[in-house]
Amino acid sequence: DGGPTPRLEERWPLMGREINPLTRKSVDTPLDVGVRAINSLLTVGKGQRIGIIAGSGVGKSVLLGMMTRFAAADIVVVGMIGERGREVGDFTKTVFEGESKFRTAIVAVPADRSPLLRIRGAERATAIAEYYRDKGKDVLLIMDSLTRVAHARREIGLALGEQPTSKGYPPSVVSMIPRMIERTGSGAAGQGTITSIYTVLADGDDANDPVVDSARAILDGHLLLSRQQTQMGIYPAIDIPASVSRVMNDIVDDKQSESARQFRRLVSLYMENRDLILMGGYAPGQDSELDLAVNLWPKLMQHIQQLGGEKADFGASRNALVKLMGG
């Protein structure tokens, strides 16, 4: 960033320190990320690990920027691994505007650097988050992207002679992903939390890519960004029916949980019948739930949509959802 090299008095191991899983605190408190759709429909808890699964050009960087600036975390650590140099510069300028710059650390290793350096950058960002968790802070770790860390590990593995498996990924990639993700999460009693968000690039919008599969299996939920919603001009383009937060029902009240289930059902029902509705084959009165979905569709999309510079706090997001669903 052009500043002098800081003097550091303390040390933290690059590969982290193991935590006994039996001593970890449970995820029981919501984290306000400042995004209405996530706060109300896919609530994230402090200490949760979640993935953002997306193809290219669907608004992933804008969503990450919103969460970096608006999340109610003590410290935000961003690992930009294998990104374009221009994108690193633009993201840094956006995030370092206003108050958010005083609590944000960015570790950036662009795409033109060696694979060893890219993997080390991901480990460094995780180590910084671990250090602050050990100090009792609630940390938000954003890793963009887990797929490019896996690509770097693939380059090294193939160069060392490992046998390629699905899509050329050697076995060491499959073992690296859970090892890195398991370093985050809730700490032991007296420590803080690391809420980690990993972006996973779905090559060619393939949601069954090996990295996507491995990440989805170990993460506590995922947000799927939809190209179809992007083409409809809906931002953030979160595919609500295809996304899930595995801890949401444990950290929100019954009213919000039921409203979110109803919202998800109405969006899914409308999208399944959208072609029929546009062709004029839909007649009101045959299915009361579909009628409700059609009537509420503009309001449902208005609830999801949010401008990049607009912040939506958790309480207001929850109340807007309950009100919309007739609560």
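In which loop is Pro236 found? In this predicted model, Pro236 belongs to the loop between helix H8 (227-231) and strand S8 (244-245).

Ser145 is located in the loop between strand S4 (138-144) and helix H5.

Helix H5 (residues 146-159) packs with helix H4 (residues 115-134). The angle between the two helices is about 140°, and their axes are 8 Å apart. Angles over 145 degrees would count as roughly antiparallel; H4 and H5 are therefore oblique to each other. Their crossing is left-handed. On the side of H4, the contact is formed by Pro115, Leu116, Arg118, Ile119 and Ala122. On the side of H5, the contributing residues are Arg148, Val149, Ala152, Arg153, Glu155 and Ile156. By class, the residues of this contact comprise seven nonpolar and four charged, with no polar ones.

The loop between H5 and helix H6 (171-181) contains Lys167. The phi angle of Lys167 is near 55°, which is a positive value in a residue other than glycine. With a relative accessible area of 46%, Lys167 is partly exposed, because that class lies between the cut-off of 20% for buried residues and that of 50% for exposed ones.

Thr195 is part of strand S6 (residues 193-201). Its relative accessibility is 1%, so Thr195 counts as buried, the cut-off being under 20%. The side chain of Thr195 reaches the backbone nitrogen of Gly47 at a distance of 2.9 Å. When neighbours within four places in sequence are left aside, Thr195 is in contact with Leu31, with Val44, Gly45, Lys46, Gly47 and Gln48, and with Val139, Leu140 and Leu141.

Note on methods: Residues numbered from 1 in each chain as written. Predicted model: local features only at pLDDT ≥ 70, side-chain atom pairs only at ≥ 80, totals over all residues. Heavy atoms only, no water. Axes fitted to C-alpha atoms, helices over the stretch in contact; angles between N-to-C directions. Helix = DSSP H or I, 4+ residues; strand = E, 2+ residues; numbered from the N terminus. Parallel < 35°, antiparallel > 145°, perpendicular 65-115°, else oblique. Left-handed = near helix turned anticlockwise from the far one by under 90°. Contact = heavy atoms within 4.5 Å. Nonpolar A, V, L, I, M, F, W, Y, C, P; charged D, E, K, R; others polar. Buried < 20%, exposed > 50% of the residue type's maximum accessible area, 1.4 Å probe, protein only. Polar contact = N/O pair within 3.5 Å; in protein donor to acceptor, adjacent residues only side chain to side chain.
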